[in-house]
Amino acid sequence: MNPRLKSILLPAAAGALFIAVWYAIRFAMAEEMQFLLPTPGEILGAFRENGDSLARATLNTTEGALLGFAAAILVSMGLALALSLSSLVRVSLYPYLMMLQMTPVIIFAPILVLWVGAGLKSVVVITFLICFFPLVVNTTQGLISTDRNLVELFRMYRANKAQEIFLLRVPSALPYFFTGLRIAATLAPIGALVGDYTAGSSAGDGGGLGFQAIIYSSQAKYPALFATAAVTCVLGFIFVAIVLSLSWLALHHWHDSYERADR
Amino acid sequence: MPTPPLVELRDVTKRFGAGPVVLDRINLTAGEGDFVSLIGPSGCGKSTLLRLIAGLTPLTDGGVTVCHQTPDQAAAELAFVFQEPTLLPWLTVTHNVGVPLQLRGIGREQRLAISRRVLELVRLGDRGAAYPRQLSGGQKMRVSIARALSLSPKLLLLDEPFGALDEMTREHLNEELLAIREHQAWTAFFVTHSVAEAVFLSNRIVVMAAKPGRIHAEIAVPFAYPRTEATRLSREYLDLVAEVSRLLRSVEEASQPVHA
Ligand SMILES: Nc1ncnc2c1ncn2[C@@H]1O[C@H](COP(=O)(O)OP(=O)(O)OP(=O)(O)O)[C@@H](O)[C@H]1O
Ligand SMILES: [Mg+2]
């Protein structure tokens, strides 16, 4: 079979099978339990029914995710630069950064709400915290992994520190930065959703997807709950797709990860 | 009449920290237009000597002057070609060649103009838009040489630039290097492990011995420039290669540890 066709047909067949099994399980369930597993059709219906509130919640969550993500990028760049410039700073801070990366931020969500207030602010802070560590760790690694021969070349031509950083270290750290960015991009919508789940608020314009999830769940609107999950999934895809495109733009000319197999 | 020395090494001694003496009282001068090859056993300090001349590592004792200045003051006059091409993979060939100019604050227009001109010299005028990964090993090395030439240096230091290339490519590049010198006059210090290459390129060959690194002998190469493929086939060339090889072998044997 044509490999291209194969790569379309096989997943399509698997998807069809999955949906068939889904329906089979659903109709095998006792009638009074069936509401627990909405069918894909019912989920689509929920989109129509709750379109407005879902759209509003999606916008709010996107806003929180974008702001937290952007803040994490900016702050991590600054910190990574500082860490890369001074091995003293790096050696003293790195273990704690790693530890913080392992710390489940979500545990502190309730207290964060008290610190910064419910709503968008909390969502942004939680998203920031979740995205920040993979970014800072990867970018720092990139900035200190510059090819030593190239550093020597720059010394040879008596480059000043700024030239060494911006013409050499930063470009050569880009692949590492994008690795961190890709991880952070998958985390950002999830972070915003989770943040909203614990710290969201209907104040202002009605909360985000996490807040909606709580409402749907308390109202036993399970098709709408599934629809919320689907929206979050799509949001994640969009974030990652954007990062992958940026990464391709920045790296495909020169980086080996984009080496074409037919060369 | 001999020209005043462009490079002068007086009793140059080098050790790294408290380690053994790597270079022991080296005395060497090179005048304008000299092409000096340095040859000797591995670890005898050839690379260290070049790095001292370039001011990339400090002296322990003695003195180095380049154009009557310290290597640091003369930095603008010298260029280094490393064994690896050391190109910036994210820049095109043209921009790679322009890096030293950029570091010296030369504007974009002028940089591009100079880059194009030196790329012509190394016969890569048509590959300016390529990225390093699209080039062969020999082409990358040519870009590296073009980059070194972009600043029109008075002194070119080359540390086994063709060591990683196959014999054919190496011979081609040897001829090209000499051809370039017809357009741009620079003094060269050239480290190599290939006697044939040293004889073909240089007018002086310095044979070094190891432990501690020191100058064992200096041989003058009398053939006139320009040298061509025909030079390689000449009797005198082959005889001199044989002579230098013999000398090098005796130095290498002397610096081997004695086994019981
Ligand atoms: N940065 C350094 N620190 C400590 N020792 C060094 C350093 N660089 C070189 N050496 C030592 O100095 C000696 C000479 O090294 P160098 O690289 O100059 O030799 P070389 O003649 O270029 O050898 P090769 O032909 O293998 O390139 C070696 O014994 C090496 O171990
Ligand atoms: Mg060496």
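A pocket is taken here as an open set of points, on a 1 Å grid over the protein atoms alone, where a 1.4 Å probe fits and which has protein on both sides within 12 Å along at least five of seven lines; its volume is the space filled by probe spheres set on the points, with grid points joined across faces, edges and corners. The model is predicted, so that local features are reported only at pLDDT of at least 70 and side-chain atom pairs only at pLDDT 80 or more, whereas totals for chains, interfaces and linings use all residues. Residues are numbered from 1 along each chain as its sequence is written, chains are lettered from A in the order in which they are written, and side-chain values use heavy atoms, without hydrogens and water.

The largest pocket holds about 310 Å³ of space. Its lining (residues with an atom within 4 Å of a point) comprises 14 residues, and those nearest the centre are Leu87(B), Pro89(B), Pro132(B), Arg133(B) and Lys140(B). By class, the lining contains six nonpolar, three polar and five charged residues, where Ala, Val, Leu, Ile, Met, Phe, Trp, Tyr, Cys and Pro count as nonpolar, Asp, Glu, Lys and Arg as charged, and the others, Gly among them, as polar.

Between the two chains, 23 residues of chain A are in contact (heavy atoms within 4.5 Å) with 28 residues of chain B. The buried area, that is, the accessible area (1.4 Å probe) lost on putting the two parts together, summed over both, is about 2,300 Å², with 63% given by carbon and sulfur atoms. Two salt bridges (a side-chain nitrogen of Lys or Arg within 4 Å of a carboxyl oxygen of Asp or Glu) are found across this interface, and the side chains of Arg158(A) and Asp72(B) form a salt bridge with an N to O distance of 3.0 Å.

Several backbone features occur in loops of chain B. The peptide bond from Lys211(B) to Pro212(B) is cis, with omega near -10°, and Pro212(B) is found between strands S8 (204–209) and S9 (214–220).

Key:
Helix = DSSP H or I, 4+ residues; strand = E, 2+ residues; numbered from the N terminus.
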